[in-house]
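Subject: Handover of a structure for your review

Dear colleague,

Please find below the structure that I am handing over to you. My findings follow it, and I would be grateful if you would read them alongside the coordinates.

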Amino acid sequence: MDCHLLALKQIAIEHDMQVPELFTDESYNISNHFSLSTSQIPTTMEGSFMCYGPVVPDGYGCSYNPKPNYILFAISSFKSCSATSTKLFAESLKASLNEMYDLCSSFA
């Protein structure tokens, strides 16, 4: 999300001005529909992790915490959404990471 654009919209609303046409355009809505929200959330306390949920009903939240010998992922989605599957997302992520590992290992 572009914070400058969001500020422009908020300023218009707060000053009872017409909201710029950009914000009613379908492309703006599409570009602000974050189906995948990711972020690194490092924690140093062993055995603990942080996570968060998806930001849209048909999306995923995926936090990650790189450790010296592994990366801890916390994946979430709404159980009520038939279009998402946390389990399938996790399996696909694991397969992708294994493929990258194999590719990088072949050059060593």
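Strands β1 and β2 run parallel and are joined by 5 bridges. Two strands are taken to pair if DSSP finds at least two bridges between them. Helices (H or I, at least four residues) and strands (E, at least two) are DSSP runs, numbered from the N terminus.

Before the details, a note on the basis of the values. This is a predicted model, in which local features need pLDDT of at least 70 and side-chain atom pairs count only at pLDDT 80 or more, while totals for chains, interfaces and linings use all residues. Residues are numbered from 1 along each chain as its sequence is written, and side-chain values use heavy atoms, with hydrogens and water left out.

Overall architecture

The protein chain contains 3 helices and 3 strands, and their order along the sequence is α-α-β-β-β-α. The radius of gyration of the protein chain is 19 Å, well over the 13 Å that the globule rule gives for 108 residues, so the chain is more spread out than a compact globule. This radius is taken over C-alpha atoms, and the globule rule is 2.2 Å times the number of residues to the power 0.38. The C-alpha trace spans about 60 × 35 × 30 Å along its principal axes.

Of the 108 residues, 20% count as buried. Here buried means under 20% relative accessible area, exposed over 50%, and partly exposed in between (1.4 Å probe, protein chains only). The accessible surface of the protein chain comes to about 8300 Å², and 61% of it belongs to carbon and sulfur atoms. Accessible areas come from the Shrake-Rupley method with a 1.4 Å probe; for residues, only the protein chains shown count as cover. Among the contacts with a separation of 6 or more, 30% are between residues 24 or more positions apart, where contact means heavy atoms within 4.5 Å.

The strands

Strand β2 (residues 60-66) is joined to strand β3 (residues 71-77) by 7 bridges, and these two strands run antiparallel. They form a hairpin with 4 residues between them. In this pairing, Asn65 stands opposite Leu72 in β3, and Pro66 stands opposite Ile71 in β3. Of the 7 residues of β2, 5 are buried, so this strand is largely enclosed by the rest of the structure.

Ser37 is buried, with a relative accessible area of 16%. Not counting residues up to four places away in sequence, Ser37 touches Tyr52, Val55, Tyr60, Gly61 and Cys62.

Loops

Which residues does Lys67 contact, leaving aside its neighbours within four places in sequence? They are Thr43, Thr44 and Glu46. Lys67 lies in the loop between β2 and β3 and is buried, with a relative accessible area of 15%.

Thr84 is placed in the loop between β3 and α3 (86-105), and it is buried at a relative accessible area of 11%. Its C-alpha atom is separated by 6.4 Å from that of Asp58, although the two residues are 26 residues apart along the chain. Leaving aside neighbours within four places in sequence, Thr84 is in contact with Asp58, Gly59, Tyr60, Ser77 and Phe78.

Asp16 is found in the loop between α1 (3-14) and α2 (26-31). Asp16 is exposed, with a relative accessible area of 75%. Its phi is near 50 degrees, a positive value in a residue other than glycine. Most residues other than glycine have a negative phi.

Leu6 is found in helix α1 and counts as partly exposed, at 33% relative accessibility. The C-alpha atoms of Leu6 and Phe23 are separated by 9.1 Å, with the two residues 17 residues apart along the chain.

Finally, the protein chain has 5 positive and 11 negative side chains, and the centres of the two sets lie 17 Å apart. Lys and Arg count as positive and Asp and Glu as negative, whereas His and the chain ends are not counted. The place of a charge is taken as NZ of Lys, CZ of Arg, CG of Asp or CD of Glu.

Yours sincerely
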